[in-house]
Amino acid sequence: MERARISIFDTTLRDGEQSPGCSMNVQEKLRLAHQLDKLGVDIIEAGFPIASQGDFTAVQAIAATVQRPVIAALARACAPDIERAWQALKAARRPRIHVFLATSDIHLQYKLRITREECLNQAREAVRLAKSYCADVEFSPEDATRTEPEFLCRVLAAVIEAGATTLNIPDTVGYTTPFEFGSLIRRIRENVPGAKHVTISTHCHNDLGLAVANSLAGIEAGARQIECTINGIGERAGNASLEELVMAMRVRPDIYAYETVVISEQLFATSHLLSEITNVPVQPNKAIIGRNAFAHEAGIHQDGVLKNPLTYEIMTPKSVGVPDSTLVLGKHSGRHALGIRCEQLGYRFDRHELDEIYRDFVIVADKIKSVQDHHLLELIRNVQGGLPRIPPSYADRVPAALAAAANAGGSRASSIPHGKPQVAASPLGVEAANVVINPMADHQGDQEDYLWGV
Ligand code: KIV
Ligand code: ZN
């Protein structure tokens, strides 16, 4: 099937940076821009040069050193902003000026205090000026989803005539819904003169938790660029999450017949780098890159995943750059996972002994929040006097695992190595012998308490 190409416009360094606690200095922005380049995004919005000297310098540095993607800079629809944006961008191999002006009545009346006609003229003149500097000009009618549609279409027609090459449709306040947003994009494509010859883009905020769904509805209706951020950071509830969008298209090509050139194996590293730079952690259950995204605690799930990861995983951890799946031992865990953890610690039991340990384990897991290896070793001692029963060839590997556990403070997560992406893992016996200590085991805080693995 023919797949339409979707451009990924990353605005982590601009809209993402506007989220509280996420501002970055020049060096940090440059470091992240290089990682975004490695990730394969098409456009990097590097900043808002008029906002501060630091942002100007960051955009300038990124424009001068990051060569492959388009480098965009934001400007309000006025000469000083546009000129400043161009000064910052002019060394870029592929520069883009991104001009925005609010178009909704509520913004015109209360924020800008201008009429619709003044707004239309300002948008047209701003795009003309931007075009005099740069061939690639994007225009965003801020608060588009609350703008009267007829007026929105008039503004868009005017900026196309003035030279805009991308029309970005922001759901600035995260108010729209997938059906409504899809209809708006379709209406723009079908009714605005010239719209079929420019790129239509989505820019969705997540106030109702619909940013990714709205963006996908936008591309189904004909948009060919998506604006998004790593970890979904951005104003208030954030922007559409890049990793979720990319993987929705990759995991469900039957529904979303589109392709991006993002290297999905770089998603986890990029997410980690952003968290490291901003010191803002990712919520554990965040789709795709949260630390629980490939962790299994329930016994039924663990048993299924050990037999074949496809039972409970719709993508392989490796396909997004996560080292391995994690089995977490907690009160919901089953014998299968417990048995493998015992083997990692150097003990193999028959069914009867494992039942006995399992009974005690459930009591302990129910009572204490933090069940650690030393608790398990105590349970094991009660059953068989502490003698390792693993064949010598396997037991040889155990001290390294125990040393790693000691280094990790006794609390850890282990992982199941996967086979090829989206292919069933090897049979249990092989898995057990190959279990590795998960490099993600350096979890901190309360969450760590139950994250010791099989
Ligand atoms: O959300 C928004 O409207 C924006 C524009 C500047 C594109 O971020
Ligand atoms: Zn925004």
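Arg113 is placed in the loop that joins helix H4 (105-112) to helix H5 (116-133). This residue belongs to a predicted model of a chain with 17 helices and 14 strands. Of the 454 residues in the chain, 49% are buried. Among contacts with a separation of 6 or more, 73% link residues 24 or more positions apart.

**Positive phi in loops**

- Arg113 is not a glycine, yet its phi is positive, near 55°.
- Arg113 counts as exposed because 9 other C-beta atoms lie within 10 Å, and the limit for this class is 12 or fewer.
- Ile288 also has a positive phi in a residue other than glycine, with a value near 75°.
- The loop that holds Ile288 runs between helix H10 (267-278) and strand E11 (295-296).
- Ile288 counts as buried because 27 other C-beta atoms lie within 10 Å, where 20 or more are required.

- The shell around ligand 1 consists of Asp15, Phe100, Ser140, Glu142, Asn168, Pro170, Thr172, His203 and His205.
- By class, this shell contains five polar, two charged and two nonpolar residues.
- At least two residues of the shell come from strand E6 (137-142), and at least two from strand E7 (166-171).

**Helix H7**

- Helix H7 covers residues 178-191, which makes 14 residues.
- From the first C-alpha of H7 to the last, the span is 20 Å, close to the 20 Å expected at 1.5 Å a residue.
- The buried residues in H7 are Phe181, Gly182, Leu184, Ile185 and Ile188.
- These buried residues line one face of H7, because they fall within an arc of 160° when seen down the helix axis.
- Phe179 and Glu190 are exposed, on the face of H7 turned away from the buried side.
- The cover over the buried residues of H7 includes helix H6 (149-162), strand E8 (199-204) and helix H8 (211-220).
- Strand E7, which supplies at least two residues of the shell around ligand 1, is also included in the cover over the buried residues of H7.

**Confidence of the prediction**

- The chain has a mean pLDDT of 86, and 83% of its residues reach 70 or more.
- Residues 391-414 have pLDDT below 50, and the model gives this stretch 41 contacts beyond near neighbours in sequence.
- Residues 417-454 stay under 50 in pLDDT as well, with 94 contacts in the model beyond four places in sequence.

Key:
Residues numbered from 1 in each chain as written. Chains lettered and ligands numbered in written order. Predicted model: local features only at pLDDT ≥ 70, side-chain atom pairs only at ≥ 80, totals over all residues. Near = placed C-beta within 6 Å. Helix = DSSP H or I, 4+ residues; strand = E, 2+ residues; numbered from the N terminus. Nonpolar A, V, L, I, M, F, W, Y, C, P; charged D, E, K, R; others polar. pLDDT = per-residue confidence, 0-100. Contact = placed C-beta atoms within 7 Å. Expected span 1.5 Å × (residues − 1). Arc of directions from axis to C-beta.
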